[in-house]
Amino acid sequence: MARPIRLLAEGKRGVRAQFGALCWRRKNDKVEVMLVTTRQTRRWVIPKGWPMDGKTPAQTAAIEAFEEAGVKGQSRETCIGLFTYLKEFEDNDLPVAVAVYPVKVTKILSDWPEKAERARRWLRPKKAAKLVCEPELAAILRNFEPPGEA
C-alpha cells in the first residue's frame, strides 16, 4: 500500500517531481485515453501536478484529473511509467520528472475547476501519442494496456 507524502518546509516546488493521471475508459470495446491542453502553450498533455501533502501519488493524480480534465475515477497505486519535461517559470525553467498513474474514468463532468483554462479530448492511445511533445509520454501512451487487462 502506498504511503502519503509528507512535504518538507520548502514545499512542493522543492520536490521537482509531479504525478500524472493517464485517464482511460472503454468505448465500444476500444480503449480511449484523455488528453488536456496546457494553460499557456495549449500543448496536449495528461493531467499532472505537484505532490500534495498527505496524499499518495495516485491520489494526487486522481485529484489532478478532476481539476484539469473534469473526470473522476479509480486510480491505481502502481506507476506505469515516467516522463520528463521543462516547466516554464518567469525566472527560470525547472526540469520535472512525472510519474504516471492509470485512472479508470467512471464519471465525466460537464463543469470542473479548470474548464475555462483547458480543452480535453478522448483519443485512442496511438493517436494521443502523436499529439504529445514528450517522447517518453508518447511511448507510455502508445504502449498503454489497461491494468488487469493485458
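Which residues line the second largest pocket? They are Arg26, Val31, Arg124, Pro125, Lys126, Arg142, Asn143, Phe144, Glu145 and Pro146. This pocket holds about 170 Å³ of space, and its lining divides into four nonpolar residues, one polar and five charged.

Before going on, a word on the model: it is predicted, with local features needing pLDDT of at least 70 and side-chain atom pairs counted only at pLDDT 80 or more, while totals for chains, interfaces and linings use all residues. Residues are numbered from 1 along each chain as its sequence is written, and side-chain values use heavy atoms, with hydrogens and water left out.

Now to the largest pocket, with about 720 Å³ of space. Of its 25 lining residues, Gln18, Arg39, Tyr85, Lys87 and Arg118 are the closest to its centre. A pocket here is an open set of points on a 1 Å grid over the protein atoms alone, where a 1.4 Å probe fits, with protein on both sides within 12 Å along at least five of seven lines; lining residues have an atom within 4 Å of a point. Its volume is the space filled by probe spheres set on the points, which are joined across faces, edges and corners. The lining comprises seven nonpolar, five polar and 13 charged residues, where Asp, Glu, Lys and Arg count as charged, Ala, Val, Leu, Ile, Met, Phe, Trp, Tyr, Cys and Pro as nonpolar, and the others, Gly among them, as polar. β4 (48-49), α1 (57-69) and β6 (81-88) each supply at least two lining residues, and β6 gives the largest share, four. These elements are DSSP runs numbered from the N terminus: helices are H or I of at least four residues, strands E of at least two.

After α1 comes Gly70, with a positive phi near 70 degrees.

Tyr101 is buried, at 7% relative accessible area. Tyr101 and Ala61 lie 40 residues apart in sequence and 6.6 Å apart in space, C-alpha to C-alpha. Leaving out residues up to four places away in sequence, Tyr101 touches (heavy atoms within 4.5 Å) residues including Pro57, Ala58, Ala61, Phe19 and Cys79.

Methods. Buried < 20%, exposed > 50% of the residue type's maximum accessible area, 1.4 Å probe, protein only.
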